[in-house]
Amino acid sequence: MSDGSNKSNQGEHTTHFGYKTVNTEEKQEKVAEVFHSVAAKYDIMNDLMSFGVHRLWKRFTMEFTGVRKGDQVLDIAGGTGDLTMKFSDLVGPEGKVVLADINDSMLKVGRDRLLDKGYSGNIEVVQANAESLPFADNSFNVITMAFGLRNVTNKDKALSEFNRVLKPGGRLLVLEFSKTKNPLLSKMYDVYSFSALPMMGKLITNDSESYRYLAESIRMHPDQETLKGMFQDAGFANCEYHNLTGGIVALHKGIKA
Amino acid sequence: MDNTVIQAGLASAETAINKALKFDPATQAKLSALSPKVLALHFESPSFSIYVRFMDGIQLLSHYEDEAEAALKGPVSAFVNLARNDDKQAALMQSDIQIQGSSQLALSLADVMGQLDVDYEAMIAELTGPVAAHIIGKKVRSLTSWFKSTGDKLKQDSVEYVRDELQLAPHKLEGESRFTDIQMIKMDVERLEARIQRLKNTI
């Protein structure tokens, strides 16, 4: 399985940034720029763009975490901490939730939001790259990544890092945009994402390019079966996925053997 | 059905229930005491499951990764009857609903739900203020009471019509007496059967 990284004729590693081909080092910087730009209005934009449905997708994800009191949870690419708050309630004071994100602007927004909502004590905020996690082997019972994997340059590396830091029997849940097989829905979705999204971005964050990238990166992300194969290649067992909203989004689950 | 639609339904129901529970602190406290237990409700025809997780309030789930502490399984109509019945514990025991796992959890939940007493007037007062809420509450109470007494009277009249006018069903006491007789005959037959068996063994 491949995550989209290639080696060009000149020997440089390239990958995609939306529909553009860029050097692998460049992608990380470009993605960082996107999220620095949208961090402040990330939550408002999420609600507007998805008509609030992203909350239902995250709610569905939580049902598959099987998280219990005392568990150690990593919410990678956790951004503004939507899932972290839910985990914090479930693991209780004896558990721990690590809210991790590569982007410090998103983390600052997330940390402030958690404090404003009275969440502290069992939460740690860490700036971390999914491709090289700063955690010991077998540390977590559950890892979740909601709408983050498509921005990772080397997805295979990230998946094997998740496998490394999960405890045996621990589970990885990746919620990500995917591919719908419904032709009508697909058509409507294309029109919406390439016309309405950049316009909304322009109006609310004065940045249409970041939202154009969002639409393009979704199209470049592996489909359900490919991502399932990547989970298996990274060493996960009992891999499965569940489509949401006709396959626009999919939740992938894998257990560390 | 798409999982997003299911989640939307569950999220709306959960919000409504938790909002209502805030106006019945006694029930809310009793439900919180059940935390972190999970009760599974498996409905038949149509077939679907809902999991109720007790926390500070409740959470409704469409899927639960572990085994629930208790599970109630039965037709939707049996659950509707249970919800309508005042004595929920007795109704649960007499219904077509099967209890699996901790029957104590199911029964204590039935007991808590039987004592549910949401202060709807306080709920309305949050939107309209106390004076309007009191007037609306009074009207709603008298309407509810009228519907209840009319419903009870209709039920009683229908029973009497079927039993006395049409003579299609026996009186409750008559039926009970007949069932007692049948039960006694059944027990006599069983005793006789046991005696015959004993005699056979001695011969």
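Because the model is predicted, local features are reported only where pLDDT is at least 70 and side-chain atom pairs only at pLDDT 80 or more, whereas totals for chains, interfaces and linings use all residues. Residues are numbered from 1 along each chain as its sequence is written, chains are lettered from A in the order in which they are written, and side-chain values use heavy atoms, with hydrogens and water left out.

Confidence comes before geometry. For the complex, the predictor gives an ipTM of 0.76 and a pTM of 0.75. Where pLDDT is low, the predicted coordinates should not be read in detail. Chain B averages 87, and 100% of its residues score at least 70. Within chain B, the lowest confidence is in helix 4 (residues 88-94), at a mean of 78, and the highest in helix 8 (residues 172-202), at 93.

Chain B contains eight helices and five strands, where helices (H or I, at least four residues) and strands (E, at least two) are DSSP runs numbered from the N terminus. Their order from the N terminus is α-α-β-β-β-β-α-α-β-α-α-α-α. The radius of gyration of chain B is 24 Å, while a compact globule of 203 residues would have one near 17 Å; the radius is taken over C-alpha atoms, and the globule rule is 2.2 Å times the number of residues to the power 0.38. Along the principal axes, the C-alpha atoms of chain B fill a box of roughly 85 × 50 × 35 Å. A cis peptide bond joins B:Ser35 and B:Pro36, with omega about 0°. B:Pro36 belongs to the loop between helix 2 (25-33) and strand 1 (38-44) of chain B.

Attention now turns to the interface. A:Leu56, A:Arg59 and A:Glu63 supply 44% of the area that chain A buries against chain B, more than any other three residues.

Four salt bridges are counted between chain A and chain B, each a side-chain nitrogen of Lys or Arg within 4 Å of a carboxyl oxygen of Asp or Glu. One of them pairs A:Lys253 with B:Glu65, the closest N and O atoms being 3.0 Å apart.

Over all chains the count is 19 salt bridges. Among them, A:Asp82 and A:Arg113 meet at 2.8 Å, N to O. A:Asp82 lies in helix 4 of chain A and A:Arg113 in helix 5 (residues 104-116) of chain A, so the pair ties together parts 31 residues apart in sequence.

How values were computed. Buried area = accessible area lost by both parts, 1.4 Å probe. pLDDT = per-residue confidence, 0-100.
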